[in-house]
Amino acid sequence: MSRPDGKTVIGKISYTNAWPLFHYADPGKLPFPAELLTAVPAVLNQGMQQGSIHIGALSSFAYGQAADKLLLLPDLSVSSDGDVKSILLFSQKPLSQLVHSRIALTNTSATSVNLLKILMKKSLNGSPEFITMEPDLDLMMASADGALLIGDHAIKASWSNHKYHVTDLGRWWKEYTGCSMTYAVWAVNRAAVQQSPGRMKAIMEMFQASKSKGLSELQPIIDEARAVIGGSQEYWQTYFSNLEYDLDDGKQQGLQLYFKYAHELGLLPSRVYPEIWNDKFVVQVKE
């Protein structure tokens, strides 16, 4: 499956949390024409659903919305088993006092927004009013009692804003469910698998090799993060080392629970049963 010009389009999340899986991935070395499209999750999600992006990263929630069109790639994700450090709820008052408040949501990713909605309802039996805004903490807090930021916006805000209560959604999910949380997955369009299985396998292997090298050779990634975003060597070393990039049984279980809760709250129209592809067969994730 490719565009009229023959190129296969690969989706790349722009946030730093996915850099280890992309830093050493070079589509120019593939034996066929391929283009890496870098964007925020919302843009990638739409492209994967519509088929204009054939393979790559997207938010977990977006995968759930289009699971009938997509297959997960094995052993690739952005996950945490506790603190994630870049999905943060800033609030004027403690979390327990936000159950009937107004919360401003970032407009850049659906996974984190719906994770907050799930935790508010399931953990606190809360029903706050949610509004969606551009990811600017000062503007959000001027209009609401709390503000959800993700990715690099959350990281920068955590460095410079010390007057608010801060809740890490990865830790909250872990405390409530006992499970890890998977925020982004790597997936392939089912039509692309049928039309170009060899290309898709080559791209999957490219990502897996990039992950392996990225985790063993983190320093260039840390240097780039410091140059682009700021922060210290120690911060980024801890940040990247804290994240997990596989899709083992525990992460699959946490992802299933997330989809189950999303369906129960009406955030997804039906239950999602993820399927994982490799070049030989498809495996359905067990509950």
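**Exercise 1. State what the buried residues of α6 pack against.**

Solution. Start with the range: helix α6 covers residues 151-160. Helices here are DSSP runs of H or I with at least four residues, strands are runs of E with at least two, and both are numbered from the N terminus. Next, list the buried residues: Gly151, Asp152, Ala154, Ile155 and Ala157. Buried means under 20% relative accessible area, exposed means over 50%, and partly exposed lies in between (1.4 Å probe, protein chains only). Finally, name the partners. These residues pack against β5 (87-91), α5 (137-143), β8 (146-150) and α11. Contact means heavy atoms within 4.5 Å.

The model is predicted: local features need pLDDT of at least 70, side-chain atom pairs count only at pLDDT 80 or more, and totals for chains, interfaces and linings use all residues. Residues are numbered from 1 along each chain as its sequence is written, and side-chain values use heavy atoms, with hydrogens and water left out.

**Exercise 2. Describe how α10 packs on α11.**

Solution. Take the geometry of α10 (residues 219-228) and α11 (residues 233-242): their axes come within 10 Å and cross at roughly 125°. Axes are lines fitted to C-alpha atoms, for helices over the stretch in contact, and angles run from 0 to 180 degrees between N-to-C directions. α10 is therefore oblique to α11. The classes are roughly parallel under 35 degrees, roughly antiparallel over 145, roughly perpendicular from 65 to 115, and oblique for the rest.

Now the residues. α10 supplies Gln219, Ile221, Ile222, Asp223, Ala225 and Arg226; α11 supplies Gln233, Trp236, Gln237 and Phe240. Sort this contact by class: five nonpolar, three polar and two charged residues. Ala, Val, Leu, Ile, Met, Phe, Trp, Tyr, Cys and Pro count as nonpolar, Asp, Glu, Lys and Arg as charged, and the others, Gly among them, as polar.

**Exercise 3. Find the residues that touch the most other members of the largest nonpolar core.**

Solution. A nonpolar core is a set of buried Ala, Val, Leu, Ile, Met, Phe, Trp, Tyr and Cys residues joined through side-chain atoms within 4.5 Å. The largest has 86 residues, and Tyr63, Trp173 and Trp186 touch the most other members. Strand β10 (residues 181-189) gives the largest share of this core, seven residues. Trp186 touches residues including Ala18, Phe22, Leu71, Leu76 and Phe207, not counting residues up to four places away in sequence. Another core, of 14 residues, lies apart from it, with Phe90, Ile131, Met133 and Met141 among its members.

**Exercise 4. Which residues of α2 are buried, and what follows the helix?**

Solution. In α2 (residues 41-50), the buried residues are Pro41, Leu44, Asn45, Gly47 and Met48. Their cover includes β1 (8-13), β2 (34-39), β3 (55-59), α3 (60-65), β4 (70-80) and β10. Gly51 follows α2, with a positive phi near 90°.

**Exercise 5. Is Thr106 buried or exposed?**

Solution. Locate Thr106 in strand β6 (residues 102-106). Its relative accessible area is 3%, so Thr106 is buried. Its contacts include Val113, Thr132, Met133 and Ile150, not counting residues up to four places away in sequence.
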